[in-house]
Amino acid sequence: MTDRDRPPIAVFDLDNTLAGIAHRQHFLERRPRDWEGFFAAAPADPPLPEGVALAVQSARACEVVYLTGRPERYRRDTLDWLAAHGLPEGRVFMRGGADRRPARRTKLEILRRLARDHEVQVLVDDDELVCDDAERAGFTVVRARWAQKSAAVEEAQEREGRA
């Protein structure tokens, strides 16, 4: 199979793009942050209709790939959530347990790796810094601005590299 024979890729973030996380943001608003509580509550995330519709629509012409800052140890919960909400099957890239780099660094690294042998048609993400860096690197971006934002989550993504 040549690169031209492969469908393009549509890459989707999860938290605040496909999954509503407002109900668990309180775990990150306290000191110390309760990361275990934050991620353990993810199976109760409601789907975000705008993001889900875009993923389903993208699956008609693209391979859907999920790119999240969630730790690898929550893979089963994440796969179950995707299936329960009718999202297209696709590869899921998650953060390694010891990886504390900012999301914008880890996600751009994976995007570049994916682009080596696939056309990355679009990245859909709510993190403005991830989106800025991806656009600067030449990727087409859809900014997921349909969910409630949290300063605590934004700080965690950038400074603590855990979401």
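Okay, let's start at arginine 143, which sits in strand β5, residues 141–143. Strands here are DSSP runs of E with at least two residues, helices are runs of H or I with at least four residues, and both are numbered from the N terminus. Before I go on: this is a predicted model, so local features need pLDDT of at least 70, side-chain atom pairs count only at pLDDT 80 or more, and totals for chains, interfaces and linings use all residues. Residues are numbered from 1 along each chain as its sequence is written, and side-chain values use heavy atoms, with hydrogens and water left out.

So, is arginine 143 buried or exposed? It counts as buried, because its relative accessibility is 19%. The cut-offs are under 20% relative accessible area for buried, over 50% for exposed, and partly exposed in between, using a 1.4 Å probe and protein chains only.

Who does arginine 143 touch? Skipping residues up to four places away in sequence, arginine 143 contacts Asp125, Glu128, Cys131, Asp132 and Glu135. Contact means heavy atoms within 4.5 Å. With glutamate 135, the side chain of arginine 143 also makes a polar contact of 2.7 Å. That term means a pair of N or O atoms within 3.5 Å; within protein, one must be able to donate a hydrogen and the other to accept it, and residues adjacent in sequence count only if both atoms are side-chain atoms.

That brings us to charges. Side chains of opposite charge can pair when their charged atoms come close. We call it a salt bridge when a side-chain nitrogen of Lys or Arg is within 4 Å of a carboxyl oxygen of Asp or Glu. By that rule there are 19 salt bridges.

One of them joins aspartate 133 and arginine 136, at 2.4 Å from N to O. Both belong to helix α5, residues 128–136, and they are separated by about one helical turn because they are three residues apart. Aspartate 133 is buried at 11% relative accessibility, while arginine 136 is exposed at 63%.

Other salt bridges reach across the chain. Arginine 73 pairs with glutamate 36, with the closest N and O atoms 2.7 Å apart. Arginine 73 is in the loop between β2 and α3 and glutamate 36 is in helix α1, so this pair links distant parts of the chain, 37 residues apart. Both partners are partly exposed, arginine 73 at 46% and glutamate 36 at 42%.

Then there's aspartate 117 with arginine 6, at 3.6 Å from N to O. Here the partners are 111 residues apart: aspartate 117 in the loop between α4 (103–115) and β4, arginine 6 in the segment before β1. Aspartate 117 is partly exposed at 32%, and arginine 6 is too, at 26%.

Now the inside. A nonpolar core is a set of buried Ala, Val, Leu, Ile, Met, Phe, Trp, Tyr and Cys residues joined through side-chain atoms within 4.5 Å. Which members of the largest one touch the most others? Out of its 28 residues, they are Phe12, Leu18, Phe38, Tyr66, Leu82 and Leu87. Elements giving two or more residues include β1, α2 (49–58), β4 (120–125) and α6 (151–160). The top contributor is α1, with three residues. Take leucine 82: beyond its neighbours within four places in sequence, it contacts Leu14, Tyr66, Leu87 and Val92. Apart from this core lies another, of 17 residues, among them Ile9, Ile110, Val130 and Phe139.

On to the strands. β2 is mostly covered, with eight of its nine residues buried. Strands pair if DSSP finds at least two bridges between them. β2 runs parallel to β1, joined by four bridges, and alanine 10 stands opposite valine 64 in β2. Four bridges also join β2 to β3, again parallel, with leucine 67 opposite phenylalanine 93 in β3. From β2 the chain passes through α3 to β3, a right-handed β-α-β crossover. Right-handed means that, with the strands pointing away from the viewer, the path from the first strand over the helix to the second runs clockwise.

Asparagine 16 has a positive phi of about 70 degrees although it is not a glycine, and it is buried at 4% relative accessible area.
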